[in-house]
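Dear colleague,

Please find below the structure that I am handing over to you, followed by a short account of what was found in it.

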Amino acid sequence: MDWHRFQQLVAEGGGLVSEGDDERTAAFLDRAEQLWQGDALAGLPGLWAETVRRTLTERRLRATVSRFAAALRLGRFAELTAELAALVELHPGDETLGGQLMLAYYGTDRYTEALRVHQEIRQFLMTQFGSRPGVELNRIHSGILDRLPAVDIVRGGGSPVRTASTSRPTTDRTSRTAPHPPRNLPHQPPLVGRRTELQALGAVAETATPDGCVISLESLSTLSGMAGVGKTAVAVHGAHRLAEKYPDAQLYLDLRGHSPVEDPLDPGTALATLLRLLGAPAETIPLELENRTALWRTMLADRRAVIVLDDAVSVHQIRPLLPGSSASLAIITSRRHLTGLPHARHIPLDVLPDDDAVALFRAFAGSERTNDVEEITRIIRQCGCLPLAIELVASRFRAHPSWTLTTLADRLARPEGRLDEIRDADHHEVKHVFDLMYQTLAAEDRTAFRRLSLHPGQDFTTEVAAASLDLPPAAVERTLESLLAAHLIREPTPDRYQYHDLLREYGRSRAVLDDTTQERSDVLHRLIDFYAAAADGADRLAYPRRTRSAPPHDLPRHRMPHWPDADTARSWFVAERTNLLAVEAYARGHDQPGTAARLAYAMAGFLNAECHWHDAHAVLRPAVEHWSHTDDSAALCRALSHLSTLHAHAGRYPEAAETGERALEIARATADVEAEGEALRTLGTLHWHLGEHRAALVLFQKSFGLTAFSGDPWDRARGYNNIAVTLLFLGEHDRAREHFEKALTGFTEAGDHTSLGKALNNLGDLHMRVGDLESARRSFEKSLIYLERSGNRYDRATVHGSLADALIELGEMDAAAALYQETLVEFRALGDQKSQADTLIGLGEAHRRAGDMVEAVRHLTDALDIAQRIGATHQEAQARRRLGQTHFTAGRLSSAIRHLSAATTLAERMHDADETVQAQRALAEAQLASGDPAAAQASLKQAFEITRTRHRGEAESIRARLADICGESEVIQ
């Protein structure tokens, strides 16, 4: 019965609407509403009941809407607001209810709340359905914006509906009567560079959704957060360029995040300024922040505006200023990384590339005295390519007509005080900008910023920072994140942090001002101790077979890096190499020679293995000097052996001999068997380099006798390999092969693929000497498979050179020459002179066989010069033999005989049987061609005597050649 009575009352009230009797319509509908006592069919379960309940509720809602409409026409605004607000909350997407609530609020002078309702409905529709409010709701919204009487809006009069297109004047914009859109973008000089960033900004604007977009200009580098990287310039320039796309307003507001004289703008004050810029009368601007935000977003709802919000201090300052679901664009700049803006598009800004930095300097300094690009490049790099710093020094240069570019560059290059030099004639200084950034930090962040800047190296990890600051890693991580957010450091790779040069210098200057000498010293002592302990641990894991002293007794105070295996320990060395070198140099120069020496030896294994021989020499030489004045003979002995190896790599053979002998003497005096075996092996390698093969063999055998019984197959394998190489050069091919096979077995058992690859290369050399070229090639190629995975640059270059030797003998001249060229570049980069000579000899031979005698002589002469300069007898003999053969081919017989005779003498002195035979055979051909068959026969007979028991095939070839010369079948019995 209630339902039928409800339907009757609603029908009667609806019939009165057409008669214009709103009083009676409202009365009937009020009586209909009073019949409802909660939900229909409440408590009755089942699908049928639920379906009927939903139908009845929808009809009730339609009646309620009609009741509200009648009451609004009667002007009863105040009595409807509470009920309407509750229903709008239940039905947030109902535009009819929303429009009625807007009218109720507006009719009771609650202007901003009316606009807020429109904003909320608009946002809900876009979020949920991707649509915009309909015509009727927009008509109500426009009437409220135009401050029309509420009754007129209710009855359908007033402003036409606004849209994104009709909200702007429809007349020609050039007309004098058309209002000018608000525009307060500051004037700036032409922007230099930043093409990529401006293109990115334009692309973001082009792809912006109808709801608009927020762009945050930050930077990938440390300087992104500081004034001077150019965020404001890019933002304002970009806004100028986008004016046509956003014609309704181009606004700029300085939020004063880092003003030296004023506090940052609070959101309420910022909104008041923005609203006035858009034309809102001051008396209509609400007092409450929420209402100001609603009015701001409402006024932007149907506009296309670009708003630059410059120097934001936090996301809390920014969030109320965002345009919401408007089609407008907000460009934000900040010195901090702003989180909490999930839909913002971030465009990274870095310091300028060199070319743009040079152009910026010339733009401010003028073109008259700025033609020397090299000097300008030096200047802009001293400024860290930071635009503000470049502008300041360029303006200062312009104010000093007597200065040259070199004058300015030299002033900036002074060891201390570079920041004081980066200023202009008006005393604007980059240091003042840094001061403002520094003062905004929390006390603990300021402490970390200045103390971490004391690090002598280029970057640091969380563990290093924790040790330096003497804090738990978890606390340090939070501090580093704060410094990252402030753009005072950068994180180019995970957990590896860097300062920009200018910020590092500023941090150190603050440390001098704010920390005591003792505090700074404590920071650096902890840092140095950390690196010494970490390097020692990584060395023992990465290179477990190095000879070394006992581990230090004192355990590190701070958490060390975790290395699960040798590869990760070596990777740590790769990442920390420059830091380790810088820390060692600092410790050595600041009264910590002992720690510096321990650090030097700990990193020397890595530096040697990865061919950083110059660095290794630079740190080991002072370590040897330090230990020479202490009683740590074990450390001194091992450092001397390493230093001897480094001297040999660089071709400094006299120095290598002196340090090696000294190491051997100390080892024997202290009965240090391990060190003695290593010193003997080091000296054996040196004698092999010198071509003194018999002496090398004796030393290798003595070393093997001391180390072979360790039970370690790797120790024995290394000894077999050393002995085998020496036997190979002595012409004892069978014994060499036997030792190589044992070495390969031992390295395989030990799982040392690097040493296995080296031994395979040596075995390939054996195949080459006995003429088995295909086996040699296979051995070299198999060696490369291992060394490409685990070897170093030197190892791979050595095998490439060997493979090129094989390719020459196989007739593949072009491939051999290309491989030699690549190898030569690598050996020159490494500074290995002996290997350069080897490669030049091969390259010369390739040119000789290709018929290019000029290039052949040039390369072979270069090889001979190197070999003679460093005392590499084997390479000297080879270079002379190849030069002799080249001169012989060119018909210069006297030169050929001179070089080949010298080659024979050198080979005999080395006891290198194979080289001696090749030199004598070549000499015999030159002697024969010069008309001296007797000398030729003598040379061949000597070669025959060497080969008759070692290489029967070679011996028969020599016998046959003698027979050709003498015309007899039995020249040699």
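A search of the whole structure finds 0 disulfides, a disulfide being a pair of cysteine sulfur atoms within 2.5 Å. This is a predicted model, in which local features need pLDDT of at least 70 and side-chain atom pairs count only at pLDDT 80 or more, while totals for chains, interfaces and linings use all residues. Residues are numbered from 1 along each chain as its sequence is written, and side-chain values use heavy atoms, with hydrogens and water left out.

C611 counts as buried because its relative accessibility is 7%; buried means under 20% relative accessible area, exposed over 50%, and partly exposed in between, with a 1.4 Å probe and protein chains only. C637 is likewise buried, at 1%.

Helices are DSSP runs (H or I, at least four residues), numbered from the N terminus. Helix α26 covers residues 593-609, and its 17 residues reach 24 Å from first C-alpha to last, close to the expected 24 Å, which is 1.5 Å times one less than the number of residues. A kink of about 35° is centred on M603 in α26, the bend being the angle between axes fitted to the seven residues ending there and the seven starting there. Of the 17 residues in α26, 13 are buried.

Helix α28 (residues 633-649) contains S644, which is buried at 1% relative accessible area. Leaving aside residues up to four places away in sequence, S644 touches A656, T659, G660 and T682, where contact means heavy atoms within 4.5 Å.

Yours sincerely

Conventions. Helices (H or I, at least four residues) and strands (E, at least two) are DSSP runs, numbered from the N terminus.
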